[in-house]
Each structure stands twice: as C-alpha cells, then as structure tokens.
Amino acid sequence: MAAGQRKIFKITLLGDGAVGKTSLRKTYLGEGFKDGYSMTIGADFAVKRLRIDDQDFVAQIWDLAGQQRFSAVREVYYRGTSGCLLVFDISRRSSFENIPSWIAELLKNNSNRVVPIVLIGNKSDLRATAKDPIMREQSEEYARSLSQWSGFSVPYIETSAKTGENVDEAFKTLLKNIVLFYEKLYAQQ
Ligand code: GDP
Ligand code: MG
C-alpha cells in the first residue's frame with residue numbers, strides 16, 4: 001500500500017430497534033449520549049480515522065434501522081460489510097433471542113460470507129435493576145458457539161452507551177479482528 005493511503009472498513013451495527021446502536025455509535029464518536037429515543041430512519045453513516053499497529057484506517061460506521069419495515073433499505077447496506085457489531089440489550093431478552101435472525105440476514109445479504117463479529121450486550125448499567133437480565137455466562141456461551149460455527153473468534157463484550165463503559169473497547173476489538181481476518185485471507189491467496 002502506498003504511503004499515506006488508508007484502508008477503509010465498513011462496519012455495520014446490527015440488532016433490534018432500541019438496543020442502543022445509534023447511542024453506541026454516538027458515544028464512540030464522542031457525540032454524547034441522549035436519553036430520548038429518536039428512531040433511525042434507513043441508515044446513518046459516520047467516519048472515524050484511526051491507527052492500529054502503525055497502520056492508518058478509516059472506519060465507516062453504518063448504523064442501520066432495526067425496524068423490520070426498513071428491510072428493503074437494509075439490504076443495500078450489508079453489501080461490502082467488513083465486520084459487524086451484533087447488539088442486544090441485556091435488559092430485554094427478546095433482543096438476545098433475535099440475534100440468530102440478524103446473523104441470518106447478514107449472511108443472506110452478504111453472499112453467505114461470514115465477516116468478523118463482536119457480540120455486544122449493551123445497557124450494562126441496567127444490570128442491577130433489570131427484572132430478568134441476560135446473564136454474562138449465557139452470552140459468553142453463545143459467543144463461543146458462534147466462534148465454533150464461524151471458525152474465528154467471536155468475542156462478547158458488555159457495554160453501556162450511557163456510561164461509556166467498554167464502548168471504545170468494542171469498536172477497537174472489532175477493528176483488530178477485521179485486520180487479522182483480512183491478513184489471514186490475503187496470506188491464503
Ligand atoms: P437503536 O434503535 O438501536 O439505535 O437504539 P438507540 O441508540 O436509539 O437507543 C434506544 C434507547 O435506549 C434510547 O432511549 C437510549 O437513550 C437508550 N440507551 C441506549 N444505550 C443505552 C445504555 O447503554 N444504557 C441505558 N440505560 N440506556 C441506553
Ligand atoms: Mg438507531
């Protein structure tokens with residue numbers, strides 16, 4: 001790669017509506033957390049420049065609308081995805097149970113190719129007060145089964161877009177895994 005050139009990665013945030021995808025993106029980009037809910041229509045797009053192991057990257061962060069009625073719009077955004085954060089809300093069990101259908105949709109729209117994934121249990125700040133929170137062990141177990149299925153490591157990270165806990169960590173882990181994934185892929189060619 002020529003000096004000064006940057007690699008561009010497309011990162012998509014997937015998961016049910018209201019799990020905190022937009023909030024995670026905003027917290028990561030330092031745009032601040034807001035308590036009110038404003039539904040993402042179609043998709044939002046943001047860019048972050050970063051440096052990993054002395055290489056410069058541009059991360060395009062696509063924040064897709066989770067609502068089913070936008071599924072036609074979503075198809076376009078899966079194309080060319082380098083990796084994704086699969087997000088559920090630890091205080092809402094249905095959002096955890098829906099993760100497999102998000103993976104199915106990713107595969108369907110990405111020519112059946114798996115991309116690096118990090119499983120995210122968001123709203124960790126609600127763990128103490130939620131009625132029936134998803135336990136960390138259960139999520140870790142599920143991430144392990146995803147690792148076995150995909151053939152590469154799928155980490156599980158608990159985040160809070162509200163307090164900022166682990167938000168940087170989540171994006172950084174995904175980007176590192178993307179770099180590793182493509183290095184391996186190119187090495188095989
Ligand atoms: P999206 O539909 O997945 O993009 O979800 P949003 O980012 O719009 O968030 C949905 C709602 O959850 C909003 O009211 C947010 O303020 C709230 N929210 C998002 N992340 C967190 C979090 O980490 N903790 C708490 N307590 N609330 C959150
Ligand atoms: Mg949103």
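Colleague: Which residue in β5 is the bridge partner of leucine 86?

Modeller: Leucine 119 is the partner in this predicted model.

Colleague: What makes β4 and β5 a pair?

Modeller: Pairing needs at least two bridges. Strand β4 (residues 83-89) and β5 are joined by 6 bridges, so they pair. The two strands run parallel.

Colleague: Why are β5 and β6 called paired?

Modeller: The cut-off is at least two bridges. β5 and strand β6 (residues 156-158) have 3, so they count as paired. The sense is parallel. Leucine 119 has a bridge partner here too: tyrosine 156 in β6.

Colleague: What makes β5 mostly covered?

Modeller: Buried means under 20% relative accessible area. In β5 (residues 117-122), 6 of 6 residues are buried. Ile117, Leu119 and Gly121 point one way, and Val118, Ile120 and Asn122 the other.

Colleague: How do you know that serine 23 makes a polar contact with ligand 1?

Modeller: The limit is 3.5 Å between N or O atoms. A side-chain N or O atom of serine 23 lies 2.6 Å from an oxygen atom of ligand 1, so the pair qualifies.

Colleague: How much of ligand 1 does the protein bury?

Modeller: Taken alone, ligand 1 exposes 580 Å², and the protein buries 91% of that. The ligand is surrounded by 20 residues. Helix α1 (residues 21-28) gives the most to that shell, with 3 residues.

Conventions: Residues are numbered from 1 along each chain as its sequence is written. Chains are lettered from A and ligands numbered from 1 in the order in which they are written. This is a predicted model: local features need pLDDT of at least 70, side-chain atom pairs count only at pLDDT 80 or more; totals for chains, interfaces and linings use all residues. Side-chain values use heavy atoms; hydrogens and water are left out. Buried means under 20% relative accessible area, exposed over 50%, partly exposed in between (1.4 Å probe, protein chains only). Helices (H or I, at least four residues) and strands (E, at least two) are DSSP runs, numbered from the N terminus. A residue is near a molecule or strand if one of its heavy atoms lies within 4 Å of it. A polar contact is a pair of N or O atoms within 3.5 Å; within protein, one must be able to donate a hydrogen and the other to accept it, and residues adjacent in sequence count only if both atoms are side-chain atoms. Accessible areas come from the Shrake-Rupley method with a 1.4 Å probe; for residues, only the protein chains shown count as cover.
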